[in-house]
Amino acid sequence: MDMPMARRIEIVNEAARDVASVCCYCGTGCGVRVQVRDDAVVGVRGDESHPANRGRLCSKGLALADTVRRDNARVLSAQWRSARDQPLEDVALAQALDIAADRLADAITRHGPDAVGFYLSGQLLTEDYAVFNKLARALAGTNNIDTNSRLCMSSAVSGYKRTLGADAPPACYEDLELANTVLIAGSNMAYAHPVLFRRLEAARASRPHMKVIVVDPRRTDT
């Protein structure tokens, strides 16, 4: 017996729902396509159209679907409790932001702006960092703001300054296809950034004259 057209379309849509996202593990920024059925993640694959990884994923990215919490522990809304001995309750996001702003303002009024500090994620975009820096320095009036990026990248920055004279990555991904010489200093890129290393390998295979120089106190796969 034929299934009603509306029901057939509903089933097809449930089976084919595909959401574009970005892998959350490191700063490479690999694009992923998340397969969702009944509002649950059932699979993750690399996004072939994404410029960072072109469909490739490392072992962590490939395991994204297996690391999704399925025990109802994921927080899906803002929550708060009026006292430590009270249970958490769902609140509207606008109310949660008001509560956070009031507590922040109260601490600054009582103890001064340096009584508060901001610690940011290493996964934010440049524009996000700019907004949070304005919030801390211009609005709250404190310089107590730092990010995981500094903790994570402190050794890399030391290497950049000593070898290249600037404390920022000097290249973009497309340079791997264009460079005649690539210098890798103190990094086991084959393990730490396998997606980009595959890209470097492909570039060198197509341009055998490319030189890859690795500076490291130990011999690695790189």
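1. Asp18 sits opposite Gln35, a residue of strand β2. This pairing belongs to a predicted model. Strands β1 and β2 run antiparallel to each other and share five bridges.

2. The next pairing is β2 with β3. Strand β2 covers residues 31–37 and β3 covers residues 40–46; six bridges link the two in antiparallel fashion. Within this pair, Val32 has Gly46 of β3 as its bridge partner.

3. The turn deserves a look. Two residues separate β2 from β3 in a hairpin. Asp38 lies in that turn and has a positive phi of about 55°.

4. Taken together, the strands make an open sheet of three, ordered β1-β2-β3 with antiparallel pairing. At the edges are β1 (18–22) and β3, each of which pairs on one side only. From one strand to the next, the twist averages 30°. Strands of a sheet pair through backbone hydrogen bonds, either parallel or antiparallel.

5. Check the backbone at Arg54. Its phi is near 50°, a positive value, and the residue is not glycine. Most residues other than glycine have a negative phi. Arg54 falls in the loop that runs between β3 and α2 (59–62).

6. Helix α3 takes in residues 93–111, 19 residues in total. From first C-alpha to last, α3 reaches 27 Å, close to the 27 Å expected at 1.5 Å a residue.

Note on methods:
Residues are numbered from 1 along each chain as its sequence is written. This is a predicted model: local features need pLDDT of at least 70, side-chain atom pairs count only at pLDDT 80 or more; totals for chains, interfaces and linings use all residues. Side-chain values use heavy atoms; hydrogens and water are left out. Two strands pair if DSSP finds at least two bridges between them. Helices (H or I, at least four residues) and strands (E, at least two) are DSSP runs, numbered from the N terminus. The expected span of a helix is 1.5 Å times one less than its number of residues. Axes are lines fitted to C-alpha atoms, for helices over the stretch in contact, and angles run from 0 to 180 degrees between N-to-C directions.
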